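Try each one yourself before you read the solution.

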Amino acid sequence: MIIPVILSGGSGTRLWPLSRALYPKQFLSIIGEKTMLQDTVLRLSLLDDLGPVYTVCNESHRFLVAEQLREIEAEIGEIILEQTGRNTAPASAAAALLIARKHPGALMLVLPADHVILDPQAFSEAIFSGSAAAREGALVTFGVVPLSAETGYGYIRASLKGEAYNGAYPVLEFVEKPCQETAERFFASGDYFWNSGIFLFRAESYLQELEAYAPSILGACSKAIEQAVEDLDFLRLDAEAFQSSPSDSIDYAVMEKTGRALLVPLDAGWSDIGAWSALWDVHERDEAGNVKKGDVLLHDVRNSYIHATSRLVAAVGLEDHIIIETADAVLVAAKDRVQDVQLLVEQLNRKERDEAVMHRRVYRPWGSYETVDVSGRFKVKRITVNPGAALSLQKHQLRAEHWIVVKGRALVTVEDRTIELHEDQSTYIPVGSFHRLENPAQVPLELIEVQTGGYLGEDDIVRVEDRYGRR
């Protein structure tokens, strides 16, 4: 059995403004109709004897992960929650400890949730090539056959002239991101591959190597699993124990030190979508070399990527540019400078601006809300409640709320009274009143909320009952 372990971390800096800290790129549909997380799972359908999906994610993303896996009807093994990310080695260790206990002898296929693979068949064949060695105890990594002398990736050198194990070759060294001259030498040699960050090994094999080369990681993760708490459909790692683990990658903690590392070449249209220019690379382009997404109007524009999400974006006389529009931010960048977008996010964080963290539309386990307008003493939101979902029983100390149903049916509880509202009907929630909003129907509920008061922050909330375990 092959158990997929999806690493769904990331803070959403390099694809800002579409990607945000609370909604990073793995949850976005930026290549096709499905999100990157969903595509990561769906491409595994070509593998034989596939086991349930294990996912490791930040606790703030837990409901997004659960909903997106539910939408594609994935068989979920465990959704493991980190309060703080500690890089790929501890995340994989936590999953390995569970898999070794529940599925002894199974292979772990460790996959980042935010990569693109354009040829799933070639990807599956590479996994098959590495599986025999992995079953014998090898730690297999997948080296992407390079297309150019790229300086944005780490490299792996393999012994291609040595004895191969069913298409897997001994690893000679891992190399950090090189300068241009070194990258050109690597590319010309034919012995170097881009480091994909994809691994295949038995859970027990990985744990053995952690014990040998990174015992502090194994010890911290073992304690985090022992003291983990079941929370609804999630497994919440013990925060203090997990935080005590060194923050290391699988490469640094194990693969660079072990004598059991093998590499399988991967030629499957791989990209880690590390910058907006990578999306220009993988999309089909028009006759002028442009990629257009959304409502876009161009004149004399060449070799550019333009993405509009909420309004018309028009451009004239540009070449090699990136333009990204969202409801609350617009990015314009030269295509060869898009790696610097994360510097803008750092500025936003220093200024404590919401645009680094969330979109105007914010997703919750019950649905979503979008801020339409805000001023001194009022805020207007568009709220969508999923079928059968309910908000927490709560109150606000400093604001009142007015609700107007525009689609569907709403059950509204205010103190000890419950009423049903239909389209075009409304109600008022006084300051300090306990209240709850529910959707009893089989279609989404949409309403407009008008908040009024002296303070309209999201932290003005007192929950007394919540089906999603929030406090």
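**Exercise 1.** Find the largest cavity in this predicted model and work out what its volume is and which residues line it.

*Solution.* 
Step 1. Start with the volume: the largest cavity comes out at about 30 Å³. The structure holds one cavity of 30 Å³ or more.

Step 2. Now collect the lining, which is made up of Glu82, Gln83, Thr84, Ala239, Phe242 and Gln243.

Step 3. Sort that lining by secondary structure. Helix H8, residues 239-243, gives the largest share, with three residues.

Step 4. Ala, like Phe, counts as nonpolar and Glu as charged, so the lining splits into two nonpolar, three polar and one charged.

**Exercise 2.** Take the open sheet of four strands: what is the strand order, and which strands sit at the edges?

*Solution.* 
Step 1. Read the order across the sheet: E14-E16-E18-E19, with mixed pairing.

Step 2. Pick out the edges. Strand E14 (291-293) and strand E19 (330-334) each pair on one side only, so they are the edge strands.

Step 3. Check the twist, which averages 5° from one strand to the next.

Step 4. Zoom in on one pair. Strands of a sheet pair through backbone hydrogen bonds, either parallel or antiparallel. Strand E16 (residues 305-308) and strand E18 (residues 321-325) run parallel, and four bridges join them.

Note on methods
Residues numbered from 1 in each chain as written. Predicted model: local features only at pLDDT ≥ 70, side-chain atom pairs only at ≥ 80, totals over all residues. Heavy atoms only, no water. Pairing = 2+ DSSP bridges. Helix = DSSP H or I, 4+ residues; strand = E, 2+ residues; numbered from the N terminus. Axes fitted to C-alpha atoms, helices over the stretch in contact; angles between N-to-C directions. 1 Å grid on protein atoms, 1.4 Å probe; cavity = no way out; pocket = protein on both sides within 12 Å on 5 of 7 lines; lining within 4 Å. Points joined across faces, edges and corners; volume = space filled by probe spheres on them.
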